[in-house]
Each structure stands twice: as structure tokens, then as C-alpha cells.
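Open the model in your viewer and keep the selection panel at hand. The stops below say what to pick and what is there.

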Amino acid sequence: MSTAAVAVAPPPAPWSRTEFEERLRAEGAAYHIHHPFNRMLNGGRASVEQIRGWVANRYAYQATIPLKDAAIVSNCPDRAVRRAWIRRILDHDGHGHEAGGIEAWLRLAEAVGLRREEVEDQRHVVPGVRFAVDAYVDFARRRPWQEAVCASLTELFAPAIHRQRLAHWPEHYRWIDPDGLQYFRNRIGQAGRDVEEGLAITLDHFRSAEQQHRALAVLRFKLDVLWAMNDAMATRYGVAE
């Protein structure tokens, strides 16, 4: 029997911090800004029913963002992270004299002609959207908090989609009260701050090659959640070419 040592390949080298960030940002190619349903909405080809359907269904996602963030806080032992992250819950639920993002979304719903109660009770939410939203919240509750933070990095790509809506909706959908678009205006600034925070945590935590590849897989999962929501709405309401 040979006693020669068996050569063992060294583990792959991790990416540098800069390259890792570049690879995270490159995942934006799969962001739902490119989905046919979203392109229809922002291209001015959506009907009243399609816009109302999107607003009503997207509320299911907006309403659970504080639950997702509360799960991150509850799983995180780092006091400094909790102190910073809790701001996201307040951004959406509101605090003091600030109404918050959920209220801003309900005002958008009213601006497109929906009644507040029919949006809040989620009667219009299609099964595929509900399933995708529930999967995301369940992920945040069950996985390590750093992975849930990483999943939130779809915010890297969000300002572009909000700017599209603000640029095109007033032109194409003049029947929508412009005041109802305030949610998108608010999120451009908030998303920039949130990205900075979430990106720093991700770059600091996912350091080995294995961890970095896991981070990309987590971000792709979240991108799939948003894409699946658009697939479900396209199936229900159709897509105008």
C-alpha cells in the first residue's frame, strides 16, 4: 500500500471586499425592474385594473416589511445593529408625527381609486403573491440574521425603480393624484441609507469563499421572491405588449 500523501486542493480564495460588492450589485440583472409586468406599468401601457391590482397586491409585501425587520432584530444579539435596524420598522409603521410607509402606500391605493379597507384586508391578493411574501418572512424568521440582512439588499436596486415610477407615472397616468406617489419619493432617500447599512453588515460577515457564494444565493432568493410576485400578478391581470 502506498504511503504517499494525497494532494488536497486548497480552498478557493475569497473575493476582495470590492469584488464581492461588485458581484452583489451584478445580481441586479435579475431585479423585477426588468419583469414584463413592471415594464408595462412604467411604460404607460397598464390599464386601470392592472394598476389597481398591482397596488393592492404589493400591499401584502409592504405590510410585512416590519415583520421581516422585527424578525431580524429578534434574532440579532448585537445591540448596535438592533438600535440601527429598528429604524426600518418605524419607517414603515410610522412613529410620532410621521405616518410611515404603510400609510403612504394606503394613500397611493386611494389615489388609484381603491378603498382603504379593501386593501388592508388583502381581499385582492392572489395566491402566488401571498406565497412569495410568506416565504420571505419565514426566511427572515428562521435563517441567521445576517442572511436576512443580506436578503434585504434588493434595496441596492430599488431607487432606480422608484425613479422610473416618479418619472413616468405622472405622464402616463394623469388620473392618479400625484400626491399619492409620495411613497416612492420617500423611499429613494431611505433606501440609500438602508443599503449602506445592510451592505456593510454583509461585506463584514460573509468573508470566506463559501460564505460569499451563500450570500449571492440568498440575494438571488430574494430577487426570486420579487420576480415571482410579478409572475403571479401577470397571470391574474395580464401583460399588455
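Select the lining of the largest pocket: by class it has 4 nonpolar, 8 polar and 5 charged residues. Here Ala, Val, Leu, Ile, Met, Phe, Trp, Tyr, Cys and Pro count as nonpolar, Asp, Glu, Lys and Arg as charged, and the others, Gly among them, as polar. This is a predicted model: local features need pLDDT of at least 70, side-chain atom pairs count only at pLDDT 80 or more, and totals for chains, interfaces and linings use all residues. Residues are numbered from 1 along each chain as its sequence is written, and side-chain values use heavy atoms, without hydrogens or water.

Center on Glu98, Ala99, Gly100, Gly101 and Asn186, which lie nearest the middle of this pocket among its 17 lining residues. Then show helix H10 (182-205). H10 gives the most to the lining, with 5 residues.

Next, pick Asp69, in helix H3 (residues 48-75). Is Asp69 buried or exposed? Asp69 counts as buried, because its relative accessibility is 1% (buried means under 20% relative accessible area, exposed over 50%, partly exposed in between; 1.4 Å probe, protein chains only). Draw the distance to Trp85: the two side chains make a polar contact at 2.9 Å (a pair of N or O atoms within 3.5 Å; within protein, one must be able to donate a hydrogen and the other to accept it, and residues adjacent in sequence count only if both atoms are side-chain atoms).

Last, select Met229. Beyond its neighbours within four places in sequence, Met229 is in contact with Arg58, Tyr61, Val129, Ala132 and Val133 (heavy atoms within 4.5 Å).

Note on methods: On a 1 Å grid over the protein atoms alone, a cavity is a set of points where a 1.4 Å probe fits but cannot get out, and a pocket is an open set with protein on both sides within 12 Å along at least five of seven lines; lining residues have an atom within 4 Å of a point. Helices (H or I, at least four residues) and strands (E, at least two) are DSSP runs, numbered from the N terminus.
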